[in-house]
Amino acid sequence: MNARRLAALLTLVIAAGASALAACTPIPGAPNCSLLPDNNVWHADISKLPVNVHSTAWLASSGANTVRLHPDFGSGGGVLYGIPYTTVAGNHPKVNVRFDYAGESDRVPYPLGPDTRIEPGSDAHAIVVDRDTCKLYETYATARSGNTWTAGSGAVYDLKSDLLRPDGYTSADAAGLPILPGLLRYDEVAAGKVDHAVRFTVSRSDRSHLWPARHDAGSANNINLPPMGARFRLKANYPLAGLRPDTVAVLTGFKKYGLIVADNGSNWYFTGAADSRWSNNMLDQLKRVPANAFEAIDESRLQASANSGQIR
């Protein structure tokens, strides 16, 4: 290869790299923070990866042949569904939290307060982003009594880092993964660009976990049950013609980035951020997608290190 062609090739590579670094959508309320680096497995294009050998069994055990997707967010009857999150400044007061699973939680002060939005219901997730440090704080079963804060578990992430939690550690999610990077958000759907995988639940999971998951909460040792971290993509030939643009944005993301098993719950419920702007018409279209239009994939070849979410 002559010098001129090599220089041209390097220019293209550098330009592509710069484009990739700018690809991740910033967090509303924290414009200088993206949800993990662009080279993180949450942002990995899985559209060309091979089908997992357990795909058929995992689909069957999660009821995929009889159920459809269920967006676990939206609004109705004056109630807002989904997982909310809060953004704060770096000088926000921090509090100590008493954890039920203290041995697997990050026992540091958390920026919780009266302004913290907490998910209604038993899960009571609290998700807070420090927009100055790009630190993500997440707790599960969060409760406040006076000046005392308690939670089932808690985890802190550096959104600029690919580092995973210690293997075997839970987080605010059963898979030991962060929640916020796996939430579908209104801003990205409205912009027509979903650039990450989305978390979803199955009713029964195996007592194992796959990278990048760090923890499991399965009901049985059964290879026919999907483990935490199992990843599924919408099949490439699933038709999108005639659908709303926002529905197409979501399903295109599912084809490219997929869904990740992150917790036990109702089969094929996927999660979005709590937002009053979600369109019920879009949600209705998503509810018509059969779960058996997905396939499990093998993403093991993407792993660069067992303790990092960075892809090869």
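The model is predicted, so local features need pLDDT of at least 70 and side-chain atom pairs count only at pLDDT 80 or more, while totals for chains, interfaces and linings use all residues. Residues are numbered from 1 along each chain as its sequence is written, and side-chain values use heavy atoms, with hydrogens and water left out.

**Salt bridges**

The structure contains 9 salt bridges, a salt bridge being a side-chain nitrogen of Lys or Arg within 4 Å of a carboxyl oxygen of Asp or Glu.

Select Arg233 and Glu295: their side chains form a salt bridge at 3.0 Å, N to O. The two partners are 62 residues apart, Arg233 in strand 14 (residues 231-234) and Glu295 in strand 17 (residues 294-297). Strands are DSSP runs (E, at least two residues), numbered from the N terminus. Both Arg233 and Glu295 are buried. Buried means under 20% relative accessible area, exposed over 50%, and partly exposed in between (1.4 Å probe, protein chains only).

Next, select Arg185 and Asp187, a salt bridge of 3.0 Å, N to O. Arg185 counts as buried because its relative accessibility is 2%; Asp187, at 25%, counts as partly exposed.

Then take Asp275 and Arg277, whose closest N and O atoms are 2.9 Å apart in a salt bridge. Asp275 is buried at 14% relative accessibility, whereas Arg277 is partly exposed at 48%. Also select Asp173, Arg199 and Asp263, which salt bridges with shared partners join into one network.

**The cavity**

On a 1 Å grid over the protein atoms alone, a cavity is a set of points where a 1.4 Å probe fits but cannot get out; a pocket is an open set with protein on both sides within 12 Å along at least five of seven lines; lining residues have an atom within 4 Å of a point. Points are joined across faces, edges and corners, and a volume is the space filled by probe spheres set on them.

There is 1 cavity of 30 Å³ or more. The largest cavity holds about 110 Å³. Select Leu36, Tyr157, Leu163, Leu164 and Pro178, which lie nearest its centre among 16 lining residues.

The largest pocket has about 310 Å³. Centre the view on Asp72, Ile83, Glu119, Asp123 and Thr271, the closest to its centre of 18 lining residues. Strand 5 (79-81), strand 13 (198-202), strand 15 (259-264) and strand 16 (269-270) each supply at least two residues of this lining.

Finish at the second largest pocket, about 210 Å³. Its lining includes Tyr101, His215, Asp173 and Asp263.

Note on methods: Helix = DSSP H or I, 4+ residues; strand = E, 2+ residues; numbered from the N terminus.
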